[in-house]
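User: Could you take me through this structure? I am new to reading models of this kind.

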Amino acid sequence: MSIEEIYDAKHDAGGELIAGATGDWEVIIGMEVHAQIASRAKLFSGAPTDFGGEPNDHVSLVDAAMPGMLPVINNFCVEQAVRTGLGLKADINLYSVFDRKNYFYPDLPQGYQISQFKYPIVGRGEVRVDLPDGGTRVVRIERLHLEQDAGKSLHDQHPSMSYVDLNRSGVALMEIVSQPDIRSAEEATLYLEKLRTILRYLGTCDGNMQEGSMRADINVSVRKPGTPLGTRCEIKNVNSMRFIRQAIDYEARRQIDILEDGGEVHQETRLYDPGKGETRAMRSKEESHDYRYFPDPDLLPLELVQGWVDDIAAGLPELPDEKKARFIEAFGLSPYDASVLVAERETADFYEKVAQGRDPKIAANWVITNLFGALNETGKTIAESPVSAEQLGSLLDLLADKTLSSRLAKDVFEIMLETGDDPQKIVADRGLKQVTDTGAIEAAIDRVMAENPDKVEEVKGGKEKLLGWFVGQVMKATQGKANPQIVNEMLRGKFDL
Ligand code: MN
C-alpha cells in the first residue's frame, strides 16, 4: 500500500451528501481558507496587528520592505500554527521552509510574499463537518502553511489616484487547504463554520469574517458522477457565509450551462460580485511555476523539536468533537442538540453550568429553545445574556420542585430577560408561586362547579371530555397559578372518575 492509499483509507470521506439543485451534475468544491493568527505582532516584525487605525500606522521598516531590512520569525505565530495543526488532527512537520512567492502588486512592497510551498509546517488532517440531520462528514485537510498578508489598495480616497495602506502588510496568516471533498454550497458553509469553531476553541484565530480574519478562496468544478474531475475555477476572497453560498451556486450553474451547451470551462480566477450576485473573470489562472518560488535566503528552515510539539499537544483544550461526544454520552443529548451547544466554547460552558446537578435534557431545551431564541431576537451573544447560567439554573430548580408550572416558568423567564432579576425575587415580588395548596385549589373547584351546574350534570352523565374545560376554568380562577396536575387529579376525585 502506498502512503497515499493508507492515508485515503484512514481519512476516507464518508457520510451522506447534501445534494444541491444541480440535476445529474456533481459539484466538487475545495476550499483554501486564509485565517489570521490571533497575534499582537506580525509574522516577521514587531509591528502591531490591531484592526482599523489610521492608514500606515502599523507599519515597521520590515513591513514596508525598506532595503536591507531582515525578517525575524515570530515564535508565537509558529506555535499557533502547530496548535491549529494539532486541532485539525494533522501531521506536524518538524522541518518546514519559507519560500518567496514572486509577483508584482502595488500593495506588496517586497515584490514577493513570504509563504511556504514545498515544505509546509502542517500536513494532512481532517475536519468533521456536522450535518443538520445530526450526522457528520469528513473533509480532508491537505496542508496548512504560514504566510504573510499583503497591504491594501484604496481606490475611493481620491478621484484620480489610488493609495496604499500597509497596515495589514506582514500580518501572519495560516492558509488551510482542503481536499476537494465538499459537494454543495451548504456543505461549504458548514465546513467553514466548523473550521471557525475549531480555530476559536484553540484561540489561534478570532474567526471574525467581517474584519477579514477569515477569507475563503473557493475552487469549484462540476462533473457527471463517476467521471474524472472537471476543470475548476477559483473564486477569490469571499468573506461571508451568505456570499460563499451564492458564489458557489452561481458558479456551478455557470459551468453546467457552458458544458450543456457543448462548450468547455477555462481554468481561471474569478471574483464574486455580491451586488450583481455573479462571479466574473479576474485573470486566467496562474500555475505555481509562474510565481518562481524559491527558499527565502533571509530565513533559515524552521526546525521544531518533537518535545515542544508534545507540550503544545498536552495543553490543548477539549475540542468541539470531543465535547460533543461527551455531551451525547454523559447527558444523553441528541447529536444535533450537542453540536448546537458546542458550536461556541462559551455556550458549551454556559450549558454545562446550567446542567450541573439538574436534568441535562431539560437544561439543553431551555438553553437552546428559550435562551438562544431570545438572544437571537435581540442580536445578543451569550456573553451579553441578561440571564446568567446560575439564574437559569435557579429557574429550573423552581420548576423541578413545582414552585412554578412550566407556563409560569416561561413568564418568569420573560421577566428575567427584561430585568436581569433572580427568579426567586420575581416569584416573591409578583406572587407568581404555583398554588399546590390543595385547600385553595379545592375552594376554586367548588366555586367553578357551583357556578356551572349544567356542565357538572353533563360530566356526570358521561361526557368526560368536558373535564378539560373545568381544568381551564379552575386555572383561570387561580390566575394560572394552580398546579394543573393537582387540579386534574382533584377534579377526577370530585366526579369519581
Ligand atoms: Mn495564500
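This is a predicted model: local features need pLDDT of at least 70, side-chain atom pairs count only at pLDDT 80 or more; totals for chains, interfaces and linings use all residues.

User: Let us start with the metal. Which residues are the protein donors of the manganese ion?

Analyst: The donors are His34 through NE2, and Glu147 and Glu175 through OE, lying 2.0 to 2.2 Å from the manganese ion. Their spacing in sequence is H-x112-E-x27-E.

User: Where do His34 and Glu175 sit in the chain?

Analyst: His34 belongs to strand E1 (residues 26-36) and Glu175 to strand E9 (residues 172-178). The pair is 141 residues apart, and it links distant parts of the chain.

User: And are those two buried or exposed?

Analyst: Both His34 and Glu175 are buried.

User: New topic: where is Leu166 found?

Analyst: Leu166 lies in the loop between strand E8 (163-165) and E9.

User: Why is Leu166 called buried?

Analyst: Leu166 has a relative accessible area of 12%, and buried means under 20%, so Leu166 counts as buried.

User: What does Leu166 touch?

Analyst: Leaving out residues up to four places away in sequence, its contacts include Lys42, Asn56, His58, Asp63 and Gly151. Asp63 is 103 residues from Leu166 in sequence, yet their C-alpha atoms are 7.4 Å apart.

User: How many residues has the largest nonpolar core?

Analyst: The largest nonpolar core has 103 residues, and Tyr351 is among those with the most contacts inside it. Helix H3 (residues 185-202) gives the largest share, 10 residues. Domain 1 (3-311) and domain 2 (317-430) each supply at least three residues.

User: What about a second core?

Analyst: A separate core of 19 residues includes Ile441, Leu466, Val474 and Met490.

Conventions. Residues are numbered from 1 along each chain as its sequence is written. Side-chain values use heavy atoms; hydrogens and water are left out. A nonpolar core is a set of buried Ala, Val, Leu, Ile, Met, Phe, Trp, Tyr and Cys residues joined through side-chain atoms within 4.5 Å. Buried means under 20% relative accessible area, exposed over 50%, partly exposed in between (1.4 Å probe, protein chains only). Helices (H or I, at least four residues) and strands (E, at least two) are DSSP runs, numbered from the N terminus. Domain bounds come from an automatic or database domain assignment. Donors are N, O and S atoms within 2.8 Å of the metal (3.2 Å for Na, K and Ca); water is not among the atoms, so sites may look incomplete. Contact means heavy atoms within 4.5 Å.
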